[in-house]
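Me: I have a model open on my screen and would like to walk through some of its details with you. Shall we begin with the aromatic rings?

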Amino acid sequence: MQRVRAACALTLITVITGFLAAACQQTNTSTGNSEGSANPTATTVAASNGGGLKIGSLLPATGDLASIGQQMIGAVPLAVEAVNACGGVNGEKVTLVAVDDQTDPKAGAAGMSKLATLDKVAGVVGSFASSVSTAAVSIASQNKVMLISPGSTSPIFTEKAQKGDYKGYWARTAPPDTYQALALAQLANKKGFKKVSTAVINNDYGVGFEKAFVQAFEKLGGTVVNKNKPVRYDPKATTFDTEAQAAFAGKPDAVLVVAYEETASILLKSAYQQGVAQGVQIMLTDGTKSDTFPERVGKGSDGKYIVAGAIGTVPGSNGKGLDAFSKLWESKKGAPPAPYTAHAWDATALLMLAAQSAKQNTGVGIASKIREVSEGSGTQVSDVCEGLKLLKEGKKINFQGASGNVDIDKNGDVIGVYDVWLVGDDGKIQTVDKVSPK
């Protein structure tokens, strides 16, 4: 999302069919928010002065996941602009209120409370970190706000959805880590790794992924060296000498690091400086896939990137709407879409399509139609405006997204494909393969 900075306490960006108004306006009458708001992490993208559909985004503009989150944030208003340009939802423009969750569960909970109770949004795109979504989803469901995450992949959400904890107000456009863990286990097996150790961030994302990987890798005949003494580090820690030493002990063929960019870079740099990483393959996941990650870990005494040769997986995008989305993104941003931007676009599109299908701008309405528009028996469409047109005519649709077919099941899950990425000798990240968890 474009950030307009001026001498005001709160950034206010107004989008009316793609037009970005000047910053620092007075109180916006369509949302009731003023530039004097007490929440400095919120940005309002207002569409009109009417009472149309209002949605929010709860994504990391700052914190450990900011490098990826900032790209995802940009996809949400892009989808809103596109829909407002073709007539909006239920005959009115869509309003977007964006909140920075700071990659922090406490900030995420506060942001979700604001969106639900003060802004009174019907649906929210967010969050990215599983720990933040865990903090936010109970607030969303209590307030009957539909929460669709474009990147929270912890298996914990599937388990809780099966128990009925979310009452249908939860879904995600990125597949759960049970699938990514299987894909990564298959990759490790294909590479001939027999013994692997793990080092993970101690939150829902890291621990959930670790458990799923151990199970999948053992089924393939592999051994997880530190299974009984897993390395799980504090997300707020700043030094990782002990954790790095423990992760690389036991002479593993590879070490799987499930973490985010900032802390993972410190851990791997520590492993290199202690001399324990030599000859051990580094395996990574989606949380560290960032163009800035290799530079952040740094170079060794030989001038080579420490993580050169590291391999990882990340949810890929192969939906029927990918080409159109990629062209739109590049025309606006001047570069190809980053990981999870397509997932954020699809999450936003689904909120708007479900509201139109329900013919009401409420979380209850969205939740009642989210599966029907995503995996129902209607006409397959990949263009969100075409989908809205058919829905307005009383027809049913099956939205084919940019990230994938986004067929949301009863637990709010989708199945996806995974890109295999590699850090080259030049520090550049390149996609080298695809792997399916099927």
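Predicted model: local features only at pLDDT ≥ 70, side-chain atom pairs only at ≥ 80, totals over all residues.

Me: Is the pair of tyrosine 205 and phenylalanine 209 stacked, tilted or edge-to-face?
Reply: The ring centres of tyrosine 205 and phenylalanine 209 are 6.4 Å apart, with 75 degrees between the planes. Planes over 60 degrees apart count as edge-to-face. The pair is therefore edge-to-face.

Me: Which helix holds tyrosine 205 and phenylalanine 209?
Reply: Tyrosine 205 and phenylalanine 209 are both buried. They are four residues apart, about one turn of the helix. The helix that holds both, residues 204-219, is α6.

Me: What kind of pair do phenylalanine 325 and tryptophan 329 form?
Reply: Their ring centres are 5.9 Å apart, and the planes make an angle of 45 degrees. Planes under 30 degrees apart count as stacked and those over 60 as edge-to-face, with the rest as tilted. At 45 degrees the pair is therefore tilted.

Me: Where do phenylalanine 325 and tryptophan 329 lie, four residues apart?
Reply: Phenylalanine 325 has a relative accessibility of 2% and counts as buried. Tryptophan 329 is also buried, with a relative accessible area of 2%. Because they are four residues apart, about one helical turn separates them in helix α10 (residues 322-333).

Me: Which residue lies over the face of tryptophan 329?
Reply: For a charge over a ring, NZ of Lys or CZ of Arg has to be within 6 Å of the ring centre. Here the distance from the ring centre is 5.2 Å, and the residue over the face of tryptophan 329 is lysine 333.

Me: How is helix α1 oriented to α10: parallel or perpendicular?
Reply: The axes of α1 (residues 66-85) and α10 come within 11 Å and cross at roughly 105 degrees. Angles of 65 to 115 degrees count as roughly perpendicular. So α1 is, relative to α10, roughly perpendicular.

Me: Which residues of α10 make the contact with α1?
Reply: On the α1 side, the contact is made by Gln71, Gly74, Ala75, Leu78 and Glu81. By class, the contact has four nonpolar, two polar and three charged residues. The residues of α10 are Leu328, Trp329, Lys332 and Lys333.

Me: Is tyrosine 340 buried or exposed?
Reply: Tyrosine 340 lies in the loop between α10 and α11 (341-358), and its phi is near 80 degrees, a positive value in a residue other than glycine. Buried means under 20% relative accessible area. With a value of 2%, tyrosine 340 is therefore buried.

Me: How far apart in space are leucine 187 and valine 435, C-alpha to C-alpha?
Reply: Leucine 187 is found in helix α5 (residues 177-190) and, at 6% relative accessibility, counts as buried. In sequence, leucine 187 and valine 435 are 248 residues apart. In space, C-alpha to C-alpha, they are separated by 7.6 Å.

Conventions:
Residues numbered from 1 in each chain as written. Heavy atoms only, no water. Phe/Tyr/Trp six-rings, centres within 6.5 Å; stacked < 30°, edge-to-face > 60°. Helix = DSSP H or I, 4+ residues; strand = E, 2+ residues; numbered from the N terminus. Buried < 20%, exposed > 50% of the residue type's maximum accessible area, 1.4 Å probe, protein only. Lys NZ or Arg CZ within 6 Å of the ring centre and 35° of its normal. Axes fitted to C-alpha atoms, helices over the stretch in contact; angles between N-to-C directions. Parallel < 35°, antiparallel > 145°, perpendicular 65-115°, else oblique. Contact = heavy atoms within 4.5 Å. Nonpolar A, V, L, I, M, F, W, Y, C, P; charged D, E, K, R; others polar.
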